[in-house]
Amino acid sequence: MSDDKSKTDNRDRSQAAGDEEHEVGYVASKFGLSTVQVRELIAEFGNDRDVIEREAVREQWKSLE
């Protein structure tokens with residue numbers, strides 16, 4: 001049975017939902033940050049996933065200094 005490509009939902013994968021624990025947890029585990037740190041990044045920079053991931057990398061580098 002093939003997937004019906006005409007039936008899609010309205011989720012936007014380019015955004016990280018700060019109120020969704022699994023999404024915050026995913027970003028936290030991917031970059032070795034705490035969920036609190038990820039929520040702070042979302043609060044400061046918005047919910048654009050690319051921006052959050054860029055800033056998460058910066059946080060990783062800060063912790064290594």
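Is Glu-53 buried or exposed? Glu-53 is buried, with a relative accessible area of 18%, where buried means under 20% relative accessible area, exposed over 50% and partly exposed in between, using a 1.4 Å probe and protein chains only. This is a predicted model, in which local features need pLDDT of at least 70, side-chain atom pairs count only at pLDDT 80 or more, and totals for chains, interfaces and linings use all residues. Residues are numbered from 1 along each chain as its sequence is written, and side-chain values use heavy atoms, with hydrogens and water left out.

**The chain as a whole**

- The protein chain has three helices and zero strands; helices (H or I, at least four residues) and strands (E, at least two) are DSSP runs, numbered from the N terminus.
- Of the 65 residues in the protein chain, 23% are buried.
- The protein chain has an accessible surface of about 5100 Å², and 48% of that belongs to carbon and sulfur atoms; such areas come from the Shrake-Rupley method with a 1.4 Å probe, and for residues only the protein chains shown count as cover.
- If you take the contacts between residues at least 6 apart in sequence, 35% of them join residues at least 24 apart; contact means heavy atoms within 4.5 Å.

**H1 against H2**

- H1 and H2 pack at an angle of about 105°, and their axes are 9 Å apart; axes are lines fitted to C-alpha atoms, for helices over the stretch in contact, and angles run from 0 to 180 degrees between N-to-C directions.
- That angle makes H1 roughly perpendicular to H2, given that angles under 35 degrees count as roughly parallel, over 145 as roughly antiparallel, 65 to 115 as roughly perpendicular and the rest as oblique.
- On the H1 side, Glu-21, Val-24, Gly-25, Val-27 and Ala-28 meet Thr-35, Val-38, Arg-39 and Ile-42 in H2.
- The residues of this contact of H1 with H2 divide into five nonpolar, two polar and two charged; Ala, Val, Leu, Ile, Met, Phe, Trp, Tyr, Cys and Pro count as nonpolar, Asp, Glu, Lys and Arg as charged, and the others, Gly among them, as polar.

**H1 against H3**

- Helix H1 (residues 21-31) packs with H3 at an angle of about 40°, with axes 10 Å apart.
- H1 and H3 are therefore oblique to each other.
- Their crossing, H1 with H3, is right-handed; a crossing is left-handed if the near helix is turned anticlockwise from the far one by less than a right angle, and right-handed if clockwise.
- H1 brings Glu-23, Tyr-26, Val-27, Lys-30 and Phe-31 to the contact, while H3 brings Arg-49, Ile-52, Glu-53, Ala-56, Val-57 and Gln-60.
- Sorted by type, the residues of the contact of H1 with H3 are six nonpolar, one polar and four charged.

**H2 against H3**

- Helix H2 (residues 35-45) and helix H3 (residues 49-64) pack at an angle of about 125°, and their axes are 10 Å apart.
- H2 and H3 are therefore oblique to each other, and their crossing is right-handed.
- Gln-37, Leu-41, Ile-42 and Phe-45 of H2 make the contact with Val-51, Ile-52, Glu-55, Ala-56 and Glu-59 of H3.
- The residues of the contact of H2 with H3 comprise six nonpolar, one polar and two charged.

**Residues to look at**

- Glu-53 sits in helix H3 and touches Lys-30 and Phe-31, leaving aside residues up to four places away in sequence.
- Gln-60 also has its place in helix H3, and at 28% relative accessibility Gln-60 counts as partly exposed.
- Leaving aside residues up to four places away in sequence, Gln-60 touches Lys-30, Phe-31 and Gly-32; Gln-60 and Phe-31 are 29 residues apart in sequence and 6.8 Å apart in space, C-alpha to C-alpha.
- Tyr-26 belongs to helix H1 and is partly exposed, with a relative accessible area of 43%.
- Between the C-alpha atoms of Tyr-26 and Val-38, twelve residues apart along the chain, the separation is 9.8 Å.
- Glu-40, in helix H2, counts as partly exposed at 48% relative accessibility.
- Glu-40 and Ile-52 lie twelve residues apart in sequence and 10.0 Å apart in space, C-alpha to C-alpha.
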